[in-house]
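The sequence and structure come before the text.

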Amino acid sequence: MQQTNRQWTIAGRPVGRDVGEDDFAMREGTVTPPEEGEVLVRVDVLAFEPAMKGWMENIGGYVARTEIGDVMRGSAVGTVVESRSPEFAAGDVVTGQLGWQEYSTVAASSIRQVSNPSRPTDELGALGTVGLTAYCGLKVVGRPFPGDTVVITGAAGAVGSTVAQIARLAGCRVIGVAGGADKCRMLIDDFGVDAAIDYRSATFAEDVAANLPNGIDVLWDNVGGTILNTLLAHLALGARVVICGAISRSKTGGMPVGPENYFNLVFKRATMQGFILNDYESMFDEARRRMSEWLSQGKLIAREDIQEGFENAPRTLMRLFSGANVGKQMLRMSAEGGKR
């Protein structure tokens with residue numbers, strides 16, 4: 001078995017600026033043999049989330065701190081190489097927080113087998129953080145009803161496009177906000193939204209007003225900043241605003257700029273609630289079951305953007321903040337699909 005283990009470690013704190021390649025350093029360590037109750041996993045595909053920037057900045061306090069020199073955190077799918085647990089055997093395909101490294105030695109209790117080994121990357125998207133976030137957040141915080149108007153910012157991203165599809169399945173009128181004509185067209189043609197609004201357009205505010213004659217019943221926000229502020233002016237009576245992310249803060253650092261239109265929550269007797277997936281672990285089995293059904297029935301499209309080569313991990317993360325990705329951002333560790 002290969003004895004060296006390449007790892008990407010945290011080398012910088014990208015506060016108030018974009019993530020850059022200099023924020024990471026490659027090091028070469030050794031593979032750690034598993035002890036009793038542990039499993040050695042070869043990492044095959046890494047997943048990338050906008051929240052990773054916040055982890056590097058140690059903002060929010062909802063996850064453990066990171067330190068300079070730590071292996072960069074990240075969920076992944078991989079193949080068991082050696083197991084000292086009765087729960088797993090060599091060759092099993094598993095998923096968990098394996099980190100940015102070629103091999104990961106983890107507690108057996110921290111990983112699980114993928115539900116469909118022929119489609120392992122579903123565990124990083126529709127059946128992983130993406131699907132769980134969309135399902136739990138929309139069901140518990142958004143609470144959509146048939147006929148509601150649901151607006152999603154960052155709608156062409158992995159979470160946004162999944163929220164859009166679940167809202168459509170719930171019988172809602174769905175409007176996606178995205179950057180550029182191509183992404184807006186994709187939202188309509190591929191994901192079935194009723195309308196798409198380009199936030200880069202000079203007529204963005206007018207386009208929002210034209211598409212929302214009766215206001216917004218559920219606003220799912222992944223972006224924050226001026227886009228959120230514009231949309232808050234169009235809430236319907238009793239609206240629910242779900243604050244999932246704020247990718248607009250990627251260049252500013254700290255907390256996102258607060259909305260000037262927040263007092264419309266009072267006028268419309270609306271609610272605005274922040275959402276962290278960690279709080280809804282009791283729903284994960286239900287969410288995965290429903291998402292699996294929709295995938296198998298062809299009712300849900302899980303778009304994936306898969307880059308190649310472990311050396312490209314930092315650049316792959318950077319794609320999230322430039323808007324280059326379409327769908328769930330992942331990276332296959334090697335062009336051979338992980339067969340090293």
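## Backbone, cores and charge pairs

Arg 269 is exposed, because its relative accessibility is 59%; exposed stands for over 50% relative accessible area, buried for under 20%, and partly exposed for what lies in between, with a 1.4 Å probe and protein chains only. The model is a predicted one, in which local features need pLDDT of at least 70 and side-chain atom pairs count only at pLDDT 80 or more, while totals for chains, interfaces and linings use all residues. Residues are numbered from 1 along each chain as its sequence is written, and side-chain values use heavy atoms, with hydrogens and water left out.

Arg 269 sits in the loop between helix 7 and strand 13 (271-274). Helices (H or I, at least four residues) and strands (E, at least two) are DSSP runs numbered from the N terminus. Although Arg 269 is not a glycine, its phi is positive, near 50°. Arg 143 also has a positive phi, of about 50°, without being a glycine. The loop between helix 2 and strand 8 holds Arg 143, and this residue counts as partly exposed because its relative accessibility is 38%. Most residues other than glycine have a negative phi.

On the surface, Tyr 262, Phe 263, Val 266 and Phe 267 form a nonpolar patch with about 430 Å² of accessible area together. Such patches consist of residues with over 30% relative accessible area and no salt bridge, nonpolar side chains (Val, Leu, Ile, Met, Phe, Trp, Tyr) being joined within 5 Å and like charges within 9 Å. The areas come from the Shrake-Rupley method with a 1.4 Å probe, and for residues only the protein chains shown count as cover. Phe 263 belongs to the loop between strand 12 (235-243) and helix 7 (264-267), and with a relative accessible area of 40% it is partly exposed.

The interior contains separate nonpolar cores, each a set of buried Ala, Val, Leu, Ile, Met, Phe, Trp, Tyr and Cys residues joined through side-chain atoms within 4.5 Å. The largest has 40 residues, and Tyr 135, Cys 136, Ile 152 and Met 291 have the most contacts inside it. Elements that each supply at least two residues of this core include helix 2 (129-142), strand 8 (149-153), helix 3 (158-169) and helix 8. Helix 2 gives the most, with seven residues. Beyond its neighbours within four places in sequence, Met 291 is in contact (heavy atoms within 4.5 Å) with Ala 126, Leu 127, Gly 131, Tyr 135, Thr 162, Ile 166 and Leu 300. Another core, apart from this one, has 29 residues, among them Val 19, Val 94, Leu 331 and Met 333.

How many salt bridges are there? The count is 17, where a salt bridge is a side-chain nitrogen of Lys or Arg within 4 Å of a carboxyl oxygen of Asp or Glu. Some of them are listed here.

| Salt bridge | N to O distance |
|---|---|
| Glu 49 and Lys 328 | 2.6 Å |
| Asp 190 and Arg 303 | 2.3 Å |
| Arg 319 and Asp 305 | 2.8 Å |

Glu 49 lies in the loop between strand 3 and helix 1 (51-57) and Lys 328 in strand 15 (residues 328-332), so this pair ties together parts that are 279 residues apart in sequence. Both Glu 49 and Lys 328 are buried. Asp 190, in the loop between helix 4 (181-189) and strand 10 (195-198), and Arg 303, in the loop between helix 8 (284-296) and strand 14 (304-308), tie together parts 113 residues apart in sequence. Asp 190 is partly exposed at 32% relative accessible area, and Arg 303 is partly exposed at 28%.

Asn 325 is in the loop between helix 9 and strand 15 and is buried, with a relative accessible area of 10%. A polar atom of the Asn 325 side chain lies 2.9 Å from the backbone oxygen of Gly 327.

Asp 44, in strand 3 (residues 38-47), is buried because its relative accessible area is 8%. The side chain of Asp 44 makes a polar contact with that of Thr 79 at 2.7 Å. A polar contact is a pair of N or O atoms within 3.5 Å; within protein, one must be able to donate a hydrogen and the other to accept it, and residues adjacent in sequence count only if both atoms are side-chain atoms.
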